[in-house]
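Visitor: I would like to go through the terms used for this model and see what stands behind each.
Guide: Here is the entry.

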Amino acid sequence: MVLAEHITGGFGDPVFNAQSVFRSVMGAIARPGTVSPVASLAGPPAPLSPTAAAIALTLCDQDTPVWLDASLRGSEAVASWIGFHTGAPLAHTPADAHFALVADPASLMALENFAQGTQEYPDRSTTLVFQVASLTAGETLFFEGPGIERVATLAPTPLPRHFIEQWKQNRARFPRGVDLILAAGDGIACLPRSTRIRASEA
Amino acid sequence: MSALDKDIATYNFAYLDEQTKRMIRRAILKGIAIPGYQVPFASREMPMPYGWGTGGVQVTAAIIGPDDVLKVIDQGADDTTNAVSIRNFFRKVASVETTTETARATIIQTRHRIPELPLTAGQTLVYQVPIPEPLRFLEPRETETRKMHALEEYGLMHVKLYEDIARHGRIATTYAYPVKVEGRYVMDPSPTPKFDNPKMHMSAALQLFGAGREKRIYAIPPFTEVVSLDFEDHPFEVQTFDKPCALCAAENVYLDEVILDDRGGRMFVCSDTDHCEKRQAEGHRGELAGEIA
């Protein structure tokens, strides 16, 4: 059954909204650890967050299978909304996904289950979008790598279990691996696979 | 601007359709995440011939917004045909402000130079790339070069540089000088003079590379290690010039040779026209400044 909430809440101005969200994401992935502001442009059905929805509207289309985590899959409205607004097919397994939308990162399966790309084509990997409550209220993480002048910090919460260890493994697979977009209510931060995590500031 | 031109920008902003922009944007994000890796993308026909910057134009069209200020340079110059045409193209299809001032630009599309003025954090440099594969002239098969990148097997490139030394006594490559990005991928910096290679290292600006005919996009994020390949006993060196710029007396900049007559007369002037004009406005005078201007 098609309800109004499956259809309303797309970008008001698709061309320019998508451009501004993309520039936020590009700025965030080029400078890991920095938070790019993002205006509330999309009104998706819960539990999909407006920021994660805006990223999906900006980057997903019929060429990009999207994987939804259990809490998003549980909502018929979310799947309909993504289908209606982006045309993206749903990926049946995480290894088929170009994008994965994750409303509940704390109970996410291991990152290695998602498409990692191949050594020849490392770009054929999943980009995960985590809906996080905050980018500053969690445990402080220290990052270094391309895009970071010396050291960057982020304190996102919630994160998957054993995230530090998982991210070290993800980095060890470079150039294969997944990229993360952390979508909070008021901003976007990214952790591309090139970013290394450090235990402390020193 | 005529009414028709205005309509083009509002009818379809920045020339490309939205699905093409999404596809290019996804490739750009992958490129940034894997610095130096060439991401395949579905390059479109553009209203200009291959070799005129179709890759750079597609990258610029996918990232540009109404608040951007665009600068386009061709061999450092703002006033050559290619640069003027591409600036006019984006004024027409995106109604964006254009400039020749390096410091004012948010997006700088370039073919084969990096501006002399150090770039800043808010700026994006978009390169037009003819042959993105640094190993292509050594190994013509794409299947092989892809495998070489996958296995990080770059011995062939060092053999090429060694043969330069054996034949000429020094590394004779002066442009498109191969670099290694973040200790992993060997990358073609596009045919910039090797003079500009050190500017790519730990640059504050994001650098995006678009090759339209070859259908590849790659990137160097800001503050990324970019090392020009060399040998311990033959370290990488940039070109040096005997004389300063003949118009603005600038030293340690890249100079173009300009033939003045048919009796061997010549002058060397800044390749970066914006840099040269700024210096002349500040009162710097080269030895030929009065005679030419």
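Visitor: How many residue pairs are in polar contact across the interface of chain B and chain A?
Guide: The rule finds 20, both residues being at pLDDT 80 or more. A polar contact is a pair of N or O atoms within 3.5 Å; within protein, one must be able to donate a hydrogen and the other to accept it, and residues adjacent in sequence count only if both atoms are side-chain atoms. This is a predicted model: local features need pLDDT of at least 70, side-chain atom pairs count only at pLDDT 80 or more, and totals for chains, interfaces and linings use all residues. Side-chain values use heavy atoms, with hydrogens and water left out, residues are numbered from 1 along each chain as its sequence is written, and chains are lettered from A and ligands numbered from 1 in the order in which they are written.

Visitor: What makes Asp68(B) and Arg23(A) a salt bridge?
Guide: Their closest N and O atoms are 2.7 Å apart. The term asks for a side-chain nitrogen of Lys or Arg within 4 Å of a carboxyl oxygen of Asp or Glu, so the pair qualifies.

Visitor: What is the buried area between chain B and chain A?
Guide: About 3,300 Å², with 60% of it on carbon and sulfur atoms. Buried area is the accessible area (1.4 Å probe) that two parts lose on being put together, summed over both.

Visitor: How many residues does each chain bring to the contact?
Guide: Chain B brings 40 residues and chain A 40 residues, contact meaning heavy atoms within 4.5 Å.
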